[in-house]
Amino acid sequence: MAASSESMQNVNSALCQIATEKLTNTHLTTLQTVTKALRDEQFRASVDREALGNLFAVLSRLSVDVEHLIETMALQEAAASLCLKLTAECFRAHRNACVQCFQNQCCLRDLGSIKLSFEILARLLKISSGGSNDIYEALRCGIQFLGNIAVGNQLCKDDIWELGFTHIFWDLLELADEKAVSYTCMVIHTCLDEHKTEQLVKDTQLKLSLKIMNLCRTLPEVDWTVFIVTQHFLKSSELVRKMFTEMTNEERLTLLELILAQLGVVEEENCLMPLSAAQFLASCFTDHCRAVLTLSSESSDDQEAIVVIRLLDILCELTSDWKEFMALQDHSDLLSATVDLLKEVHLLGKTSKNVFTVAQDFSLTRPGGADTHPALSFKAHLIRLIGNLCHGHVVNQDKVRELDGIALILDNCSIDSNNPFISQWAVFAIRNILEHNLENQKLIQGLRRQGVTDDTMLREMGFRVEERDGSLLLRPLKKDP
């Protein structure tokens with residue numbers, strides 16, 4: 001219901017009293033009434049500038065009282081509690097006044113409410129170490145107000161970013177209060193855009209990005225951190241590069257898990273990251289992929305090795321159905337590094353019993369079945385990536401042949417419980433390597449049978465093998481009439 005002139009006069013009178021009189025619980029009740037009234041859309045839309053000015057005057061008065069709390073809080077506990085409750089309630093009223101109301105946002109901004117709110121938050125942060133719920137409640141409501149005044153209002157977003165970046169944001173993210181941290185992330189997400197994200201790349205500001213990444217790991221229930229990373233951080237190749245370089249392997253795993261999860265839900269037209277960021281991840285894989293070899297003899301919790309495994313998982317996804325990332329087929333050394341690594345892990349698995357050895361007993365499944373060894377399916381994914389990189393790409397098809405990769409892949413066609421679907425991926429890879437490539441087809445035709453083998457895998461690809469004078473000839477399967 002729209003505010004009548006009489007009710008608005010009563011609101012103005014009540015707010016003036018709070019701004020000038022000695023604070024009492026009656027004032028708190030009055031302010032709660034104003035907060036409740038501002039929940040109504042029609043009332044909110046009809047609030048005049050005078051009422052918002054009086055509301056701002058109350059906040060200004062409370063700002064002074066909060067400053068005095070730093071010295072008198074211990075001596076006047078009851079008064080301090082009332083002041084903090086009034087401050088929280090005044091922030092609530094400001095917050096409610098801004099809900100889907102552009103004119104109120106602009107009016108409060110013009111009055112200086114954003115700057116004043118940051119001053120109050122800074123003062124509250126100085127006394128927050130005591131862990132008082134009244135302090136945290138005031139902080140939460142103040143942060144929520146900043147979030148509401150920013151929604152849909154670019155001028156407010158810019159003001160908040162200028163005043164909060166980076167020190168106040170950092171201090172708020174350091175609070176031992178999950179709600180306050182979550183609300184702060186909401187404000188940061190609301191304010192971020194391409195230009196502001198690029199500011200985070202600077203060495204002096206990078207710590208804020210790393211802090212938010214760390215919160216993704218330590219506070220998994222806070223969705224806003226994930227939104228910040230996936231909708232803003234990953235759009236900047238330079239920020240991805242700098243963060244990844246500065247991170248510990250544990251933090252890198254958090255980032256890679258987020259990327260992998262997003263690849264399963266994001267639409268192609270809303271591409272998760274630019275090609276240059278994907279190329280950087282490919283370079284990280286080629287430069288450090290041999291770290292995975294430590295799993296053959298060392299602890300399966302080797303973080304660097306698991307980073308390599310996650311990078312491989314991401315590269316397999318990026319080169320599957322994403323047209324924007326198929327330029328990875330031309331990435332220097334990616335195919336060579338993948339084939340060479342497959343050779344090494346395959347050899348390791350044959351020369352001793354380890355995580356890369358072909359098994360029929362699901363030896364990489366951990367006791368209880370709740371988790372699996374990180375190397376599970378690693379060889380299969382190497383073959384999958386080779387197949388992806390060779391799809392419709394003659395240069396890469398030839399390179400696999402030159403690296404003796406065809407026989408290597410054929411040698412991985414047997415069932416391996418530690419690499420589910422490895423035979424299917426081998427079939428897929430061989431098909432892509434042979435497609436429209438006569439030299440590779442001739443190589444298959446010239447292979448000599450060694451030991452007891454059959455052509456089951458090739459039949460699945462639509463070919464049959466005939467033996468003639470000790471050589472294997474490749475022939476297309478005849479279709480049934």
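Q: How many aromatic pairs does the count come to?
A: The count comes to nine aromatic pairs, where rings of Phe, Tyr and Trp (its six-membered ring) pair if their centres lie within 6.5 Å, and planes under 30 degrees apart count as stacked, over 60 as edge-to-face and the rest as tilted. One of them is tilted, because the rings of Trp 322 and Phe 325 have their centres 5.9 Å apart and their planes at 50 degrees. This is a predicted model, in which local features need pLDDT of at least 70 and side-chain atom pairs count only at pLDDT 80 or more, while totals for chains, interfaces and linings use all residues. Residues are numbered from 1 along each chain as its sequence is written, and side-chain values use heavy atoms, leaving out hydrogens and water.

Q: Is Phe 325 buried or exposed?
A: Phe 325 is buried, with a relative accessible area of 1%, since buried means under 20% relative accessible area, exposed over 50% and partly exposed in between (1.4 Å probe, protein chains only). Trp 322 is buried too, at 8%.

Q: Switching topic, which ring does the charged end of Lys 211 sit over?
A: That of Trp 170, with the charged end 5.8 Å from the ring centre; the rule asks for NZ of Lys or CZ of Arg within 6 Å of the ring centre and within 35 degrees of the ring normal.

Q: And what about Arg 252?
A: The charged end of Arg 252 sits over the ring of Phe 244, 5.1 Å from its centre.
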